[in-house]
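Hi there,

Here is the structure I promised to pass on to you. Have a look at it first, and then read my notes below.

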Amino acid sequence: MAIAITKDTYLHWYESMLLMRKFEEKAGQLYGQQKIRGFCHLYIGQEAVLAGAMSVIRHDDSLITAYRDHAHALAKGTSANAVMAELYGKATGCSKGKGGSMHMFDKENHFYGGHGIVGGQVPMGAGIAFANQYSGRDNVNIAYMGDGAVRQGALTETFNMASLWKLPVIFVCENNGYAMGTSVARTTIQPDIYKLGLPYDIPSSAVDGMDPVAVHNAMDEAVDRARRGDGPTFLEMRTYRYKGHSMSDPQKYRTKDEVESYKAKDPIETVKATIVKEKYADEKWFEEIDEKIKAIVDESVRFSEESPWPDASELYTDVYVQKDYPYIRD
């Protein structure tokens, strides 16, 4: 069942990707001001991977990802206030200020992290899909990972089980080329990452991750396959991050010319060009959206600045389901 790409799709893509971009730019500024502490991994440049997927899945479908997760939470419906407050470590954050940048979580919007262990989310993503299958639901789960995470042995174990049990899961490798800071070409005998799914009889392909249309179409087919009970798909989204692996990355492993060549294919600008060409909106609309996004981001900062820190007692909550777990407190 193909989900058509319409005028409204393009308008939503532009607005959602602009929110991801402006939010991340502000997060980078705040990190430099030491308002945000710890680790901070920005998503700038990769927005099409999420935009193209969100125009296919339902709200009750779920996502799980690694530590580059701010944009995933925003795309899935978590408010900018809750994401920014989490970055600040405030009690009003989506993980009550206890998860920080790498551990966003939003049960209401079916976003299950945000995981700091490299590749740890991959088998968990299959587990969520198994729960859906076991319960008779037709929901799908998308398990995102980076190109570095595919080196983990858990990936092959998960692929085998997911294919054997025909789990409704879509594995998405966001291949930005460098993992932490070493090129894919230097770390694997098989640079075509999507081919890792083929030995497990999983339909696998490479997708232009800078193009939301290509992402939408590939995800549409994968979601349809999962919903009808035909099992997993593995998609290698070939994308690019404009910033480093994290805020502390000096980025000495790539050239400025390379970065600029990818910026020339910027997904936000590409979508904007199509909107203009097809006359889906005028310049006034773009100005209004820009102001709207700026206001949302500014409000998220104000909200976070004014929010309280978590109480010390929160250290013992949300760790175990058992309410009276016998912690040793002395």
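**What I found**

The protein chain has 10 helices and five strands. Please keep in mind that this is a predicted model.

Let's start with the overall build. Along its principal axes, the C-alpha trace of the protein chain spans about 55 × 50 × 40 Å. A compact globule of 330 residues would have a radius of gyration near 20 Å, and the protein chain has 20 Å, so the two agree. As for the inside, 48% of the 330 residues count as buried.

Look for helix 5, residues 121-134, and helix 6, residues 153-164. Their axes come within 8 Å and cross at roughly 20 degrees. Angles under 35 degrees count as roughly parallel, so helix 5 is roughly parallel to helix 6. The crossing of these two helices is left-handed.

Which residues make the contact between helix 5 and helix 6? On the helix 5 side they are Val122, Pro123 and Ala126, while helix 6 brings Ala154, Leu155 and Thr158. Sorted by type, the residues of this contact are five nonpolar and one polar, with no charged ones.

Best wishes

Notes. Residues are numbered from 1 along each chain as its sequence is written. This is a predicted model: local features need pLDDT of at least 70, side-chain atom pairs count only at pLDDT 80 or more; totals for chains, interfaces and linings use all residues. Side-chain values use heavy atoms; hydrogens and water are left out. Axes are lines fitted to C-alpha atoms, for helices over the stretch in contact, and angles run from 0 to 180 degrees between N-to-C directions. Helices (H or I, at least four residues) and strands (E, at least two) are DSSP runs, numbered from the N terminus. Angles under 35 degrees count as roughly parallel, over 145 as roughly antiparallel, 65 to 115 as roughly perpendicular and the rest as oblique. A crossing is left-handed if the near helix is turned anticlockwise from the far one by less than a right angle, and right-handed if clockwise. Contact means heavy atoms within 4.5 Å. Ala, Val, Leu, Ile, Met, Phe, Trp, Tyr, Cys and Pro count as nonpolar, Asp, Glu, Lys and Arg as charged, and the others, Gly among them, as polar. The radius of gyration is taken over C-alpha atoms; the globule rule is 2.2 Å times the number of residues to the power 0.38. Buried means under 20% relative accessible area, exposed over 50%, partly exposed in between (1.4 Å probe, protein chains only).
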